[in-house]
Amino acid sequence: MLHAWVVATLVAVTAGCVGFFVVARRAAFAAHALPLGAFPGAAAASLMGVNLFWGLAGFSALGVLVIGQLQRAGRREIASALWLSGALALGVLLLSLSGRYAQSVYGLLFGDLLGIDTTQMVVVAACSGLTVALVAWVARPLLLDSLSSELASAAGARAAALEFAFLGILALATAIAVPVVGALLVFSLMVGPSSAARAFTDRPWRALAIAVGMCLATVWSAIALAYLTNWPVGFFVGVLSALCYVVGRLRGGTAALAHVT
Amino acid sequence: MSTSEAVVALERVAVTFGERPVLREVSFRLEAEQFCALIGTNGSGKTTLLRAILGFIRVQSGRIDRAGGAIGYVPQKIILDPGLPLRARDVVALGLDGARFGTRLPSKERAARVQAMLRAVGAENFAEQRVGALSGGQQQRVLLAHALVRRPKLLLLDEPLANLDVGSTAEIVALLRRLSHEFGAAVLLSAHDMNPLLPAVDRVVYLANGCAVSGKADAVVRTEVLSRLYGYHVDVLRVHGRVVVVAAEARDESRTALERDPVHTIPVP
């Protein structure tokens, strides 16, 4: 149980930091496609009997490369959709070959927070620290690029490199979070609290801090509620993330929330 | 062409998109504190020219020499997300160090520079407001402050007067005129309507058919000069204080200005 609290905390901090930029860059679909697209990586790892994290990390990185290359010729949404459909098809095949279909699918799609061991916790801690450090390193150019790629380019930033860096950070956050909250719910944890945070402040770094706070409140409450009810943690993560969004709307940020995607 | 005193100098610059030539051997130069209007109809290559100067686009031939130092840029039709939690003050601060990696602690000097720039463009009253929620004229002032806060030697503005009402247009033009002198920056401002600019600018670069003619406004905006540039006769009329360029005879689409006249950058004193 202690592992679950520690790992959930690390994942929440990472999701809040990365989620702020996911919403700022209107990359919600990419944030959905990357974790789901990493699904065959986990399935392949399961088939080969290695740590799921490495399979997820490998396919997340592959997703970054594929989306990065495809979006050069078109829009990010189309590139993400192409990657997602291809990866899901491969994932289904690999899972059917593994012979542990139903159990594996459930764990990958919805997470298995209570099944985290010490080794996984150390890996998550290291990768979470790296992700947050990378976000801090690129935060200002990424924020300027989110405002306008042309302004960023005129200031000397390389927009294509920034987009690649952003997708890389998103992939790393995905690899950390999928075993914990599942491929379906990473998206909700990144987008719900971060979009709500925009309604509470006009200052960027304060909004990022509020997003992290909301993510923490979401996962801690989800674990507590799951313990009390014996319902899945993932259910509460999804519901509470959506509730954050509703709270943001009620806060009066209608204009802000309308421009999330 | 001597480039010793030029902030930017273009020499026989040509840009082609696929098979379509957009700019053909465009030449002109800009010096410090010069306020220059880049005039041309929609699709004449104004944005392409500005993007070539910025280095966003590779030129097929010719050369662009830029003096050292920062370049300020205000792009065309920028749509600022009203949901992005970013104040006008933050946008100006990003102009100072937005492209730098790594963390940076707040400093009084940095805050003072941002405040001074907000004051210079008259944006103090809405500095704390979300930039996406500001009016078009207010956003132009903020973007101008963003472009100027690094004290660039060259300021490029792409259609900054589009979609502004008459009052805001006059205010922005006067502001640019004042700031170009105050900061010692050369200003190149593109527009498809030259009338709001003509009383204020030092020089005009007129683009048509991918060719350019540059010089003082009175010397460039003349019937014989523009007729030669367009490749067919046009009349430059002055009506109620406004300049109107009117095509006086049918346009010969089959031949370009380049084919009709190999000297397509027309020198004007």
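Colleague: How are α2(A) and α10(A) oriented to each other, roughly parallel or roughly antiparallel?

Modeller: This is a predicted model, to start with. In it, α2(A) and α10(A) are roughly antiparallel to each other, because their axes cross at roughly 150°. Angles over 145 degrees count as roughly antiparallel.

Colleague: How close do the axes of those two helices come, and which residues do they span?

Modeller: The axes come within 8 Å. Helix α2 of chain A covers residues 28-37, and helix α10 of chain A covers residues 183-197.

Colleague: Left-handed or right-handed crossing?

Modeller: α2(A) passes α10(A) in a right-handed crossing.

Colleague: Which residues meet there?

Modeller: From α2(A), they are A:Ala28, A:Ala31, A:His32, A:Pro35 and A:Leu36. From α10(A), they are A:Ala183, A:Val186, A:Phe187, A:Met190 and A:Val191.

Colleague: And why might residues three or four places apart in a helix point the same way?

Modeller: An α-helix has 3.6 residues a turn, so residues at that spacing point the same way.

Colleague: Next pair. At what angle do α7(A) and α9(A) pack?

Modeller: At about 155°, with their axes 9 Å apart. Helix α7 is residues 118-147 and helix α9 is residues 159-181, both of chain A. That angle makes α7(A) roughly antiparallel to α9(A).

Colleague: What is the hand of that crossing?

Modeller: α7(A) passes α9(A) in a left-handed crossing.

Colleague: Now the two chains together. How many residues does the contact take from each chain?

Modeller: It takes 31 residues from chain A and 26 residues from chain B. On chain A, α7, α8 (149-154), α11 and α13 (254-257) each supply at least two residues of the side that touches chain B. The largest share of that side, nine residues, comes from α7(A).

Colleague: What covers the buried residues of α2(B)?

Modeller: The cover includes helices from both chains. Chain A brings α7 and α11 (204-229), and chain B brings α3 (108-120) and α4 (136-148).

Colleague: How many residues of α2(B) are buried?

Modeller: Eight of its 10 residues, so to speak of the run 88-97, are buried. They are B:Ala88, B:Arg89, B:Asp90, B:Val91, B:Val92, B:Ala93, B:Leu94 and B:Gly95.

Colleague: Why is α1(B) called largely enclosed?

Modeller: Eight of the nine residues of this helix, residues 46-54, are buried, so the rest of the structure largely encloses it. Among the buried ones are B:Lys46, B:Leu49, B:Arg51 and B:Ile53.

Colleague: What follows α1(B)?

Modeller: B:Gly55 follows, and its phi is positive, near 90°. B:Gly55 lies in the loop between α1 and β4 of chain B. With 14 other C-beta atoms within 10 Å, B:Gly55 is partly exposed.

Colleague: Which residues other than glycine have a positive phi?

Modeller: B:Glu33 is one of them, with phi near 70°. It sits in the loop between β2 and β3 (35-39) of chain B. B:Asn209 also has a positive phi, about 55°. B:Asn209 lies in the loop between β8 (203-208) and β9 (211-215) of chain B.

Colleague: Is B:Asn209 buried or exposed?

Modeller: B:Asn209 is buried, with 22 other C-beta atoms within 10 Å. B:Glu33 has 15 C-beta neighbours inside 10 Å and counts as partly exposed.

Colleague: On to strands. What is the order of the three-stranded sheet in chain B?

Modeller: The order is β2-β1-β4, in an open sheet with antiparallel pairing. β2 (20-31) and β4 (61-66) stand at the edges with a single partner strand each, so one side of each has no neighbour in the sheet. Neighbouring strands are turned by 15° against each other on average, direction ignored.

Colleague: How many bridges join β1(B) and β2(B)?

Modeller: Eight, in the antiparallel sense. B:Val8 stands opposite B:Leu30 in β2(B).

Colleague: Last one. What is the confidence like?

Modeller: Chain B averages a pLDDT of 84, and 90% of the residues score at least 70. Over residues 250-269 of chain B, pLDDT stays under 50. For the complex, the predictor gives an ipTM of 0.82 and a pTM of 0.83.

Methods. Residues numbered from 1 in each chain as written. Chains lettered and ligands numbered in written order. Predicted model: local features only at pLDDT ≥ 70, side-chain atom pairs only at ≥ 80, totals over all residues. Buried ≥ 20, exposed ≤ 12 C-beta atoms within 10 Å, placed from the backbone. Helix = DSSP H or I, 4+ residues; strand = E, 2+ residues; numbered from the N terminus. pLDDT = per-residue confidence, 0-100. Contact = placed C-beta atoms within 7 Å. Pairing = 2+ DSSP bridges. Axes fitted to C-alpha atoms, helices over the stretch in contact; angles between N-to-C directions. Parallel < 35°, antiparallel > 145°, perpendicular 65-115°, else oblique. Left-handed = near helix turned anticlockwise from the far one by under 90°.
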